[in-house]
Amino acid sequence: MTFAARIFSVLSLALLSACGSAERFAVTTPDITEQTRIAFASVEVRDVSLPSYAAADEITLQQEDGTLTSSSDMLWADAPERAVALELSRNLARLTGRRVASEPWPFEAFPDARLEVRFADLIATTSGVFRTSGQYFVAVADGRRERSGLFDLSVPFDPEAGANAIAQARGRLILQLADYIARNGLK
């Protein structure tokens, strides 16, 4: 093996080692303790729109001065827009006992309602609060029961506990959002 080949080999190994150091964190689904009645037998979670920092694979933190920081060492286990849509639809299904699925709609019959959620914020702060705000839209084929609403929710977490605590907080926050939408937008 030539000297250049050895150097290339060592550099390649170092690069692979550096790339392998990132950790991925999965969001845990919290337990549901009560059911919520809604006016629809089936709901499609169509579009979940996240801010660019929240749609990235890196877990982002907001500093006290408002600066957003992230690291390629701490990554979400799944693509955030896909994961949040699935978390929201799964939580709505568990909360309501109704047929809820994220887009694309997997059933033959069309859903009774379609839900879109546009997040203005979805961020964990270094002070230990994971917060979200935005707007939801409920579209109904007959047009008579269509509605929209604003949300502004938060849950605490221990910032000293690291990325696992952030992932658990996001799980609680999306469950809180699903409950909020079920009670205010799907009744």
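## Ser89 in helix α3

Leaving out residues up to four places away in sequence, Ser89 touches Val45, Val100, Ala101 and Ser102. This is a predicted model, and Ser89 is found in its helix α3. Ser89 counts as buried because its relative accessibility is 5%, and buried means under 20%. The side chain of Ser89 also reaches back to the backbone oxygen of Leu86, at 3.1 Å.

Strand β2 covers residues 42–49, and strand β5 covers residues 99–102. Helix α3 itself spans residues 80–96.

## The chain as a whole

The protein chain has 187 residues, of which 40% count as buried. Its secondary structure comes to 4 helices and 8 strands. Read from the N terminus, the elements follow the order α-β-β-α-β-β-α-β-β-β-β-α.

Contacts can also be sorted by distance along the sequence. Taking contacts between residues at least 6 apart in sequence, 69% join residues at least 24 apart.

## Confidence

The mean pLDDT of the chain is 90, and 89% of the residues reach 70 or more. Among the elements, helix α4 has the highest mean pLDDT, at 98. The lowest mean, 39, belongs to helix α1, residues 3–19.

Over residues 1–18, pLDDT stays under 50. For this stretch the model has 1 contact beyond four places in sequence. Where pLDDT is low, the predicted coordinates should not be read in detail.

## The largest cavity

The structure holds 2 cavities of 30 Å³ or more. About 100 Å³ of space lies in the largest cavity. Its lining is made up of 13 residues, and those nearest the centre are Ala54, Thr60, Trp76, Leu122 and Phe130.

Which elements each supply at least two residues of this lining? They are α2 (52–55), β3 (58–62), β6 (113–125) and α4 (163–184). By class, the lining of the largest cavity holds 10 nonpolar residues, 1 polar residue and 2 charged residues.

## The second largest cavity

The volume of the second largest cavity is about 30 Å³. Val27, Thr28, Thr29, Pro30, Glu87, Arg90, Asn91 and Gly171 line it. Helix α3, where Ser89 is found, gives the most to this lining, with 3 residues.

The lining of the second largest cavity divides into 2 nonpolar, 4 polar and 2 charged residues. For the largest cavity, the nonpolar count is 10.

Ile38 is found in the loop between β1 (23–25) and β2. Is Ile38 buried or exposed? Ile38 counts as buried, since its relative accessibility is 9% and the limit for buried is under 20%. Beyond its neighbours within four places in sequence, Ile38 is in contact with Val43, Thr96, Arg98, Ala182 and Leu186. One of these, Thr96, is 58 residues from Ile38 in sequence, while the C-alpha atoms of the two are 6.6 Å apart in space.

Asp179 is found in helix α4. With a relative accessible area of 22%, Asp179 is partly exposed. Thr36 and Leu95 are the residues that Asp179 touches, not counting those up to four places away in sequence. Asp179 and Glu34 are 145 residues apart in sequence, and their C-alpha atoms lie 10.0 Å apart.

Gly134 has its place in strand β7, residues 129–140. Its relative accessible area is 14%, so Gly134 is buried. With neighbours within four places in sequence left aside, Gly134 is in contact with Arg118, Phe119, Ala120, Gly149, Leu150 and Phe151. Gly134 and Asp121 are 13 residues apart in sequence and 6.7 Å apart in space, C-alpha to C-alpha.

Pro104 sits in the loop between β5 and β6. The peptide bond that leads from Glu103 to Pro104 is cis, with omega near 0 degrees.

Terms used
Residues numbered from 1 in each chain as written. Predicted model: local features only at pLDDT ≥ 70, side-chain atom pairs only at ≥ 80, totals over all residues. Heavy atoms only, no water. 1 Å grid on protein atoms, 1.4 Å probe; cavity = no way out; pocket = protein on both sides within 12 Å on 5 of 7 lines; lining within 4 Å. Points joined across faces, edges and corners; volume = space filled by probe spheres on them. Nonpolar A, V, L, I, M, F, W, Y, C, P; charged D, E, K, R; others polar. Buried < 20%, exposed > 50% of the residue type's maximum accessible area, 1.4 Å probe, protein only. Polar contact = N/O pair within 3.5 Å; in protein donor to acceptor, adjacent residues only side chain to side chain. Contact = heavy atoms within 4.5 Å. pLDDT = per-residue confidence, 0-100.
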